[in-house]
Amino acid sequence: MVARALAGQTDQLKERILGVEIFERPADYDTNTDPIVRVTAAEIRKRIEHYYQDAKHSHEIRMILPAGSYVPQFYWPGHPTGLQATALELPADAAAEPVNIQPAMPVLPLVPPQTKRKFATSRTLAFALAGLILAIASVTAWELSRPPVLKQFWEPFINSPNPALICVADQSQFSTIRQRDAADPSHEITLPDSMVALIIDDVSPLVNVAALLRTYGKTSRVLAESSTTLTDLRRGPSIFIGAYDNIWTLRLTSPLHFHFANDAAMNKLWIEDRSDPGNHKWMMDRTIQQTGTYSDYAIVARFVDPNFEQLVVVSAGIGRGGTVAAGEFLVDSQRMDEMLNKVPHDWKRKNIEIVLETQVIGDRSGPPRIAAAYVW
């Protein structure tokens, strides 16, 4: 934008042209449904404003990008909102032609620099500023055009040629089942059968994760923890839901930096930090849990397990509220974005483990919050 403004090509600074040339959109793309140019311009405006808030830049030629326009405007130092350089006037012997910049506000007469030295300094500042804005624009455009963090997290699963396996904790097995008579639904009949029950709070993350993978075109299958074998896990990527009722989750997370632990009576259960094992800050007390209002904690992890050399995702809480919160985190792009403040920039190429905290009130979990993260 700066280069074209300085070259007088302001007619080329239109939303559709910028969308095609910078973001590689098709020439007939719908700017209403794909407002990436407007969003990027708004972000650049914020960054420019932040740049000039620093007093050390007060001597520099100031540039603004007016709202609703993609044509940058320049002002001499000390006149950020009044005196506008409508033309960078050059000395008579200069080779460059004057550059006209379209005004977006009333223009007052401007006394140009009086000497070549002063002009050269101003011109140097102008081009330095132009370079800065181009760098800001490039970084902003890259950030807005890259895949969202949520998709980056799941991308290894999406790219795997094999279906994903979702392993869910199973509970009591029933030997009988009650069924209703079709002719008289009030009439129940008890029949011998073999049933495996799933906790409804584990079904919530199961449905959410399966639906998310489906939106990315990834198929999945579900197996109960008791019927999952090592052979199943070697076939492709796996997702494990639940902690203390899922033996696979406990086995897979046991060697990790964050892992589950408990006392002998299983009245106190916690997530242990291998670097500080004596600190039980992420603990749930069952006596407090029974009141229905308590703090719960969960582990969300994505890593390659060395035993079957496949990618694994864990969504497991100490209690049911933690498991629900972990499942919510794994499908919520806004929550996932918060992870960027706690992980290195190359996290998506590495194994990652996150501890989540949630407040449970009336046996219903609140939003997940990131308590800690570890990348290796």
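This is a predicted model: local features need pLDDT of at least 70, side-chain atom pairs count only at pLDDT 80 or more; totals for chains, interfaces and linings use all residues.

Mentor: Residues are numbered from 1 along each chain as its sequence is written, and side-chain values use heavy atoms, with hydrogens and water left out.

Trainee: Why are H2 and H3 called roughly perpendicular?

Mentor: Helix H2 (residues 15-23) and helix H3 (residues 36-52) pack at an angle of about 85°. Angles of 65 to 115 degrees count as roughly perpendicular, so H2 and H3 are roughly perpendicular to each other.

Trainee: What makes the contact between H2 and H3?

Mentor: Contact means heavy atoms within 4.5 Å. Glu-15, Leu-18, Gly-19 and Phe-23 of H2 meet Ile-36, Val-37, Arg-38 and Thr-40 of H3.

Trainee: What does "buried" mean for the 376 residues of the protein?

Mentor: Buried means under 20% relative accessible area (1.4 Å probe, protein chains only). By that cut-off, 42% of the 376 residues count as buried.

Trainee: What makes a set of residues a nonpolar core?

Mentor: The members are buried Ala, Val, Leu, Ile, Met, Phe, Trp, Tyr and Cys residues joined through side-chain atoms within 4.5 Å. The largest such core has 31 residues, and among those touching the most other members are Phe-153, Trp-154 and Ile-352. Helix H5 (residues 149-159) gives the largest share of this core, 6 residues. Another core, of 29 residues, lies apart from it and includes Ala-243, Tyr-244, Ile-271 and Val-314.

Key
Axes are lines fitted to C-alpha atoms, for helices over the stretch in contact, and angles run from 0 to 180 degrees between N-to-C directions. Helices (H or I, at least four residues) and strands (E, at least two) are DSSP runs, numbered from the N terminus. Angles under 35 degrees count as roughly parallel, over 145 as roughly antiparallel, 65 to 115 as roughly perpendicular and the rest as oblique. Buried means under 20% relative accessible area, exposed over 50%, partly exposed in between (1.4 Å probe, protein chains only).
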